[in-house]
Amino acid sequence: MSIVTASSPAAAAGLSLKSQFLLASGAGLSVASIYYSQPMLSIMGSSFHTSVSETGLVPTLTQLGYALGILFLTPLGDRYDRRQIILLKGLLLTLTLLLCSVTGTYSMLLLSSLAIGLAATVAQDIIPAAAALATEQQRGKTVGTVMTGLLAGILLSRVVSGAVADLFGWRSMYAAAALGVLLITLAIWQALPRFTPGSRLSYLALLRSLGQLWLQHGALRRAALAQGLLSVAFSAFWSTLALMLAERYQLGSASAGAFGLAGAAGAMAAPIAGAIADRHGAHQVTRIGSALVMVSFALMFVMPLLSPPAQLVVIVISAIGFDLGLQATLIAHQTLVYGLDPAARSRLNAVMFTVIFIGMASGSVLGSQALALAGWTGVVALATLAAAGGLILRLRR
């Protein structure tokens with residue numbers, strides 16, 4: 001395998017459509033691993049005889065593991081051969097998914113959920129790999145293609161896991177996911193060349209630079225905190241939806257997963273948000289997107305006034321609205337953050353996504369507690385307040 005440098009044939013030739021699809025599939029399958037559990041929580045809870053709040057720890061620890069992985073593992077891509085990192089993380093993700101599929105105790109389920117989140121950060125190594133291999137003229141399009149795969153993984157994960165859990169049980173979903181990750185990891189490892197590390201900093205120096213970037217850039221702090229608050233709202237909704245639907249409407253995990261189709265609006269938001277940012281600035285997109293997230297969650301306060309079928313329609317409309325707003329805001333925040341220091345984009349990305357997934361983990365645990373203490377109205381109130389906090393941060397100058 002050749003070493004990728006700025007002037008190497010591999011870099012000059014760019015990525016073929018086949019290779020782009022391969023990397024997009026790898027990013028999608030990897031990130032999907034952290035969302036499989038959400039539509040299956042009621043079934044998993046019944047399997048281990050756990051309460052609502054206890055079952056909510058499964059997605060909480062997965063999101064927390066992802067945040068820790070982004071913080072402590074993603075910077076390694078600047079220091080070591082990214083091809084080897086993708087292989088090792090992919091194999092680790094395969095093993096943790098298998099462990100989750102065969103675990104017989106609740107404590108081991110929680111441990112494997114944390115490990116899945118750590119290893120699933122391989123998606124954050126695949127995207128920079130695609131950017132490094134693309135030509136200057138094709139870089140934006142290439143990264144966009146891989147990001148589409150990542151968004152598709154988020155979208156389809158809940159739909160697929162809900163259906164598989166209903167038909168074959170939740171353990172089968174994790175076993176199938178392990179096989180998929182193993183195959184795509186080996187295919188990517190075979191297709192990628194070696195990468196020359198972009199930095200000679202020690203591991204501790206890389207980690208210290210993350211704190212320096214946080215202190216140096218106020219725009220980074222505001223973007224990360226605002227997106228993190230929106231992620232609290234997002235995660236509170238998805239981490240409790242399956243439990244609420246089972247209890248209130250007697251709907252199974254397949255029905256809960258089907259609500260994930262509303263996330264198609266998120267994938268559609270990418271070109272729309274980009275066009276608005278080009279015309280009116282990324283700051284304006286963050287405000288519009290944050291407001292849309294807040295209003296979409298607040299809409300669900302009218303549910304007690306409606307019939308059960310109408311309530312389900314409101315949930316769908318709300319999911320479309322907040323997914324659209326969340327993805328638009330994320331794209332705009334990435335545009336703002338990546339422009340701060342082009343030489344440190346990987347670490348800027350690590351800082352922002354660490355905060356985002358801390359928000360995700362917080363949303364999972366707070367949402368479970370809100371559902372247990374105040375029902376679905378409590379979850380809606382939590383999500384609306386968190387989104388309002390994100391909007392306030394974006395409105396401040």
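For the classes used below, Ala, Val, Leu, Ile, Met, Phe, Trp, Tyr, Cys and Pro count as nonpolar, Asp, Glu, Lys and Arg as charged, and the others, Gly among them, as polar. The structure is a predicted model, in which local features need pLDDT of at least 70 and side-chain atom pairs count only at pLDDT 80 or more, whereas totals for chains, interfaces and linings use all residues. Residues are numbered from 1 along each chain as its sequence is written, and side-chain values use heavy atoms, with hydrogens and water left out. The secondary structure of the protein comprises 17 helices and two strands; helices (H or I, at least four residues) and strands (E, at least two) are DSSP runs numbered from the N terminus.

**Confidence and overall build**

- The average pLDDT, the predictor's confidence in each residue on a scale from 0 to 100, is 86 for the protein, and 89% of the residues score at least 70.
- Residues 5–12 have a pLDDT below 50, and this stretch has 14 contacts in the model beyond near neighbours in sequence; a contact means heavy atoms within 4.5 Å.
- Where pLDDT is low, the predicted coordinates should not be read in detail.
- The protein has 397 residues, of which 54% count as buried; buried means under 20% relative accessible area, exposed over 50%, and partly exposed in between (1.4 Å probe, protein chains only).
- Of the contacts between residues at least 6 apart in sequence, 84% join residues at least 24 apart.

- A nonpolar core is a set of buried Ala, Val, Leu, Ile, Met, Phe, Trp, Tyr and Cys residues joined through side-chain atoms within 4.5 Å.
- The largest such core has 96 residues, and those touching the most other members are Tyr174, Phe237, Leu241, Met300, Met352, Phe357 and Trp376.
- The most is given to this core by helix α17 (residues 345–395), which supplies 17 residues.
- Phe357 is in contact with Ile34, Tyr35, Gln63, Tyr66, Ala67 and Ile70, leaving aside its neighbours within four places in sequence.
- Arg347 is located in helix α17 and counts as buried because its relative accessibility is 13%.
- A separation of 8.2 Å lies between the C-alpha atoms of Thr377 and Met300, which are 77 residues apart along the chain.

**Buried residues elsewhere in the chain**

- Thr60 is part of helix α5 (residues 57–72), and its relative accessibility of 9% is why it counts as buried.
- Not counting residues up to four places away in sequence, Thr60 touches Ala361, Ser364 and Val365.
- Phe259 occupies the loop between α13 (253–258) and α14 (264–280) and counts as buried because its relative accessibility is 11%.
- Apart from neighbours within four places in sequence, Phe259 is in contact with Trp238, Leu241, Leu245, Leu312, Ile315 and Val316.
- Phe259 and Val159 are 100 residues apart along the chain, with their C-alpha atoms separated by 7.4 Å.

**The second largest pocket**

- On a 1 Å grid over the protein atoms alone, a cavity is a set of points where a 1.4 Å probe fits but cannot get out, and a pocket is an open set with protein on both sides within 12 Å along at least five of seven lines; lining residues have an atom within 4 Å of a point.
- The second largest pocket has a volume of about 200 Å³, where grid points are joined across faces, edges and corners and a volume is the space filled by probe spheres set on the points.
- Its lining has 16 residues, with Gly28, Leu29, Ala32, Tyr36 and Gly153 lying nearest the centre of the pocket.
- At least two lining residues come from each of α2 (17–32), α9 (139–168) and α10 (170–191), and α9 gives the most, with six.
- By class, the lining has ten nonpolar, six polar and no charged residues.

**Loop residues with positive phi**

- Most residues other than glycine have a negative phi.
- His49, in the loop between α3 (41–48) and α4 (52–55), has a positive phi of about 55° and is exposed, with a relative accessible area of 74%.
- Gln250, in the loop between α12 (218–249) and α13, likewise has a positive phi of about 55° and counts as exposed at 61% relative accessibility.
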